[in-house]
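Q: I'm new to this one. Can you walk me through it, piece by piece?

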Amino acid sequence: MNPLVMALLLVAALGVFGVSIRGRWKLLHLSGERPHIDRIGERFRLTLKYALGQKRLTRYKFAGLAHKAIFFGFLMLLLRTLILFARGFTDDPKFGYWIFDSGDLLGNFYGLIKDIYIVLVITGVVVFLHYRLVIKPKRMTLSGEGVLILAIILVMLLADVLYEGAGLVLASRDAAGLHFSIWEPLGSLLIPFLESAPDGTLVFLYHLGFWTHVTLVLIFLNLLPHTKHFHIITAIPNIFMQELEPAGKLKPIEDIEGRIEREETLGIRRIDQFSFNAILDFYSCTECGRCTDQCPAARTGKLLSPKKLTIDLRDHLYANQSGLIKANGDKSAAIDDLVPAVIDTEALWACTTCGACEQECPLHISFVDKIVDLRRYLVQEKGECSSTLQETFSSMEATGSPYGVGSDERMNWAAGLDVPLRSETEDVDILFWVGCAPATDERAKSIAQAMARLLNLAGVKWAVLGPEESCTGDVARRAGNEYLFQAMAGANIETLNGYHTKKILTVCPHCFNTLQHEYPDFGGKYEVIHHTEYLAKLMSEGKLTPTHEVNTTIVYHDSCYLGRLNGIYDSPRKILASIPGVTLVEATASRDRGMCCGAGGGQMFKEDEPGDERINFARADQLLETGADTISSACPFCMRMLTDALNTRQHIDIAQLDIAEVLLKSVTGA
Amino acid sequence: MKILTLAMQVPDSRAALKISPGGKSLETRDLKLICNPFDEFAVEQAVQLKEQRSDVEEIVVATIGAEKPNQAIRTALAMGADRGIQLCDDIFSGQDEILLAEALAAAIRLQETTFDLILCGKQAIDTDSGEFGPALAEFLDLPHVGAVVKLDISEDGTSLRAHRRIEGAEEIVECPLPALITCEKGLIEPRYPSLPNLMKAKKKPLQILAASDLPEPGCLTPGLQLLELTPPAPRPPCTFIEGPPEKMARELVKRLRDEAKVI
């Protein structure tokens with residue numbers, strides 16, 4: 001076309017792009033932490049599934065399908081753009097790197113494929129424009145930026161079609177032959193409109209199409225690092241370098257006392273302390289808002305929005321880019337504390353750590369670890385948290401239980417039952433880790449009692465730690481008090497290892513998650529089983545048989561720490577379904593889309609942050625909509641939260657039973 | 001201005017208490033000890049005065065107890081006190097607060113510093129006697145304002161204005177400094193000491209004094225004798241009333257009238 005213009009365009013565009021990328025690249029390295037690149041095989045598998053396979057996109061069906069069309073379209077059309085760049089340097093209108101030249105076999109074939117994908121991308125763009133301009137979903141950030149980018153894509157593609165159509169007509173005039181080409185169907189469609197145009201007009205349109213296309217591609221490229229469309233570049237690396245640890249596991253702060261001595265921050269105080277992976281998360285956010293759409297805090301009108309958290313951190317990062325790069329991680333540089341200047345304190349404390357946001361994010365952005373890191377700094381270095389949480393921490397320090405119930409009362413639940421103490425029992429197959437709520441909370445005690453009866457009926461060799469057990473520390477950890485958590489974990493592991501414990505049974509998903517995934521970091525490696533799985537196993541072995549009818553309609557509420565974070569959805573349902581008389585119904589929001597009860601992340605022990613509604617009330621309403629007369633759960637915290645909601649709503653007609661309690665009824669008939 | 005605050009050590013009210021054989025003291029093994037919550041108000045008030053005013057030179061915190069340093073003084077130093085004084089002797093392990101106040105008064109007189117303001121809790125949550133503050137004021141010959149819920153120090157640092165909680169009302173008093181204040185719940189919200197501050201507290205100066213370091217230690221004779229400690233009777237179990245609402249209500253009223261005799 002015109003080598004000089006083409007060269008100038010490319011040099012200018014790539015130069016500006018290089019400058020943009022250089023700054024963003026430096027920001028990635030502020031913390032000095034290296035990105036995750038271990039377990040390469042697994043990373044490739046996940047990248048295939050979630051990046052190329054677009055697995056999570058279609059959790060929102062139509063938007064997902066439209067995105068798939070654009071994503072695959074872009075992949076396919078990348079070659080076309082490279083071909084056009086090359087044609088800028090040559091006079092050969094058919095040039096295609098010698099392999100894809102128009103008229104050749106592969107060139108023709110690619111031409112056809114290209115047109116099919118142009119149609120798919122345009123369809124996707126139209127669907128997206130419909131979302132942005134007509135449907136306007138609340139979850140999305142409806143910015144001019146989004147529409148502009150879509151418009152650029154649309155014009156870019158139509159320009160290519162125009163270039164091709166005009167080219168076909170011009171070529172036919174030279175050859176004076178048939179000009180319609182099945183290999184270039186879109187361009188051919190324009191022939192009837194262009195056929196009668198004079199040569200001069202055709203040449204103009206031919207050039208207009210070409211230069212519009214290549215210029216828009218280069219403008220588009222330069223918009224990427226400054227807009228949410230940066231994800232076009234960062235998404236695949238972000239998915240590749242995602243956290244591979246279990247979803248419910250938090251990373252420890254190593255050597256807390258040493259860090260204090262060296263005056264290193266505990267948790268995260270400033271933006272430049274975020275890791276390579278965290279910053280890549282910020283770059284990758286597309287502002288689609290699926291995270292916030294599923295967030296129980298956001299859904300009940302709290303100030304927290306996971307999307308806003310990411311965007312606010314990203315914008316703060318961009319706004320301070322030059323200062324941050326100059327400071328290069330220097331602790332003395334003047335950079336704002338993130339809370340409350342960038343992240344609102346109320347938002348930070350509204351998170352229940354339920355993981356709904358992380359499960360939804362198509363780009364595998366993490367939120368919970370960032371929120372906990374921000375809490376860690378506030379709690380440990382500034383001593384800032386609600387007074388009820390402070391009270392909970394000191395209860396845990398004083399009594400080993402967030403409820404403030406002393407170890408001497410930890411066996412009260414077992415009065416009148418045959419409950420063997422580990423310290424007095426030799427031959428133990430499984431240690432029943434009772435947990436603070438089942439051991440001491442008036443209502444939850446009955447879960448521990450039901451479990452004890454079932455274990456005895458099944459003839460299991462079991463025991464409990466009794467007064468030697470204390471809180472796993474989950475509440476402290478998720479509320480930011482890592483130091484207290486590590487102290488409690490250390491003491492518990494000493495007790496457990498002292499008894500050479502191998503298998504642990506829990507009735508609390510929080511205990512389950514912490515013992516299973518978090519204690520190994522501190523030297524406590526056990527096989528941990530939640531009671532829903534264990535009871536299902538005892539039933540399949542014929543050791544427990546539900547025989548008596550329990551005539552009721554049950555809706556099962558999924559605990560986040562059991563379901564979403566540990567993938568246990570089926571066992572509790574299997575148990576309920578096998579009980580004679582039980583009709584099992586599902587809430588609209590169930591399984592992985594089931595909403596949190598509002599207790600996780602330390603919320604159980606603090607007041608709700610201000611909002612329109614309390615989370616447990618909203619969840620109770622969803623469950624009541626099913627018309628069930630019994631709500632069944634497998635977590636003492638969930639039960640407590642739902643009970644509070646039902647009591648306040650005066651639903652005395654609704655029963656609430658743990659899976660173990662329902663099963664015991666059916667096994668014994670009592 | 002120099003401020004002295006108190007941080008007495010008491011058993012955590014949530015911890016399980018065990019009485020040691022002999023029935024005259026508590027089993028201290030595994031017993032979680034904390035800073036008396038009312039004293040935490042005093043420490044917090046002192047620290048906030050120092051943060052707000054330029055004329056507060058030093059906050060000294062005093063405690064009494066055998067364990068060196070005890071949890072209470074560590075908490076107070078972590079909250080922001082500058083240095084500590086701990087009276088440490090077997091003779092101080094009893095419950096006679098008049099004796100303890102007399103000993104602390106002697107220790108205070110030993111200091112080179114004179115204090116313009118002494119802040120202490122209204123009472124210790126273990127004995128609940130509330131004698132200590134007023135007794136200390138008497139031994140030091142200072143005016144004392146008790147159960148303060150709001151405290152203002154005059155601009156020039158020569159007098160104070162305090163709101164006291166009294167039966168059904170609040171009393172506002174003024175008093176020249178030096179003076180002793182006892183702090184009531186509602187005065188201030190104590191901070192949760194941060195981890196770095198807890199670590200730094202270990203390095204702050206702490207003066208340990210035995211009874212023999214005090215002038216005329218012989219005068220310290222207990223006037224109060226502890227005879228016996230007994231645990232309270234266990235709480236009777238909770239009774240659940242079941243059935244339809246009307247029946248439950250009727251049953252509840254019946255029991256409240258006939259069994260509990262409260263209506």
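**A walk through the model**

A: Let's start at A:Q54, which sits in the chain A loop between helix 2 (40-52) and helix 3 (61-87). Helices (H or I, at least four residues) and strands (E, at least two) are DSSP runs, numbered from the N terminus. This is a predicted model: local features need pLDDT of at least 70, side-chain atom pairs count only at pLDDT 80 or more, and totals for chains, interfaces and linings use all residues. Residues are numbered from 1 along each chain as its sequence is written, chains are lettered from A and ligands numbered from 1 in the order in which they are written, and side-chain values use heavy atoms, with hydrogens and water left out.

Q: What is the phi of A:Q54?

A: Positive, about 55°, although A:Q54 is not a glycine. Most residues other than glycine have a negative phi.

Q: And is A:Q54 buried or exposed?

A: Buried, with a relative accessible area of 3%. Buried means under 20% relative accessible area, exposed over 50%, and partly exposed in between (1.4 Å probe, protein chains only).

Q: Which other residue has a positive phi without being glycine?

A: A:W98 is one of them, with phi near 65°. A:W98 lies in the loop between helix 3 and helix 4 (105-135) of chain A. A:W98 is exposed, at 66% relative accessible area.

Q: Where are there cis peptide bonds?

A: One runs from A:V339 to A:P340, with omega near 0°. A:P340 is in helix 16 (residues 338-341) of chain A. Another goes from B:L177 to B:P178, also with omega near 0°. B:P178 is in the chain B loop between strand 9 (169-176) and strand 10 (179-183).

Q: New topic. How much area is buried between chain A and chain B?

A: About 1700 Å², with carbon and sulfur atoms giving 62% of that. Buried area here is the accessible area (1.4 Å probe) that two parts lose on being put together, summed over both.

Q: How many residues take part in the contact?

A: Chain A brings 25 and chain B brings 15. Contact means heavy atoms within 4.5 Å.

Q: How many salt bridges cross that interface?

A: The rule finds 2. A salt bridge is a side-chain nitrogen of Lys or Arg within 4 Å of a carboxyl oxygen of Asp or Glu. A:E397 and B:K32 form a salt bridge, at 4.0 Å from N to O.

Q: Which helices of chain A touch chain B?

A: Helix 10 (256-261), helix 19 (368-381) and helix 20 (387-399) each supply at least two residues of that side. Helix 20 gives the most, with 9 residues.

Q: Back to salt bridges. How many over all chains?

A: The count comes to 57. One joins A:K114 and A:D115, at 3.3 Å from N to O. A:K114 is buried at 2% relative accessibility, and A:D115 is buried at 2% as well.

Q: What about A:R591 and A:D570?

A: Their closest N and O atoms are 2.8 Å apart, in a salt bridge. A:R591 is in the loop between strand 6 (582-585) and helix 28 (615-624) of chain A, and A:D570 is in helix 27 (residues 570-577), so the pair ties together parts 21 residues apart in sequence. A:R591 is partly exposed at 31% relative accessibility. A:D570 is partly exposed too, at 48%.

Q: And in chain B, what does B:K150 pair with?

A: B:K150 meets B:D152 in a salt bridge, 3.1 Å from N to O. Some salt bridges share partners: A:D373, A:R376, A:D474, A:R477, A:R478, A:E482 and A:E518 join into one network.

Q: Last stop. Where is A:N513?

A: In helix 25 (residues 509-518) of chain A. A:N513 is buried, with a relative accessible area of 0%.

Q: What does A:N513 touch?

A: A:G248, A:R478, A:E518, A:Y561 and A:N566, not counting residues up to four places away in sequence.
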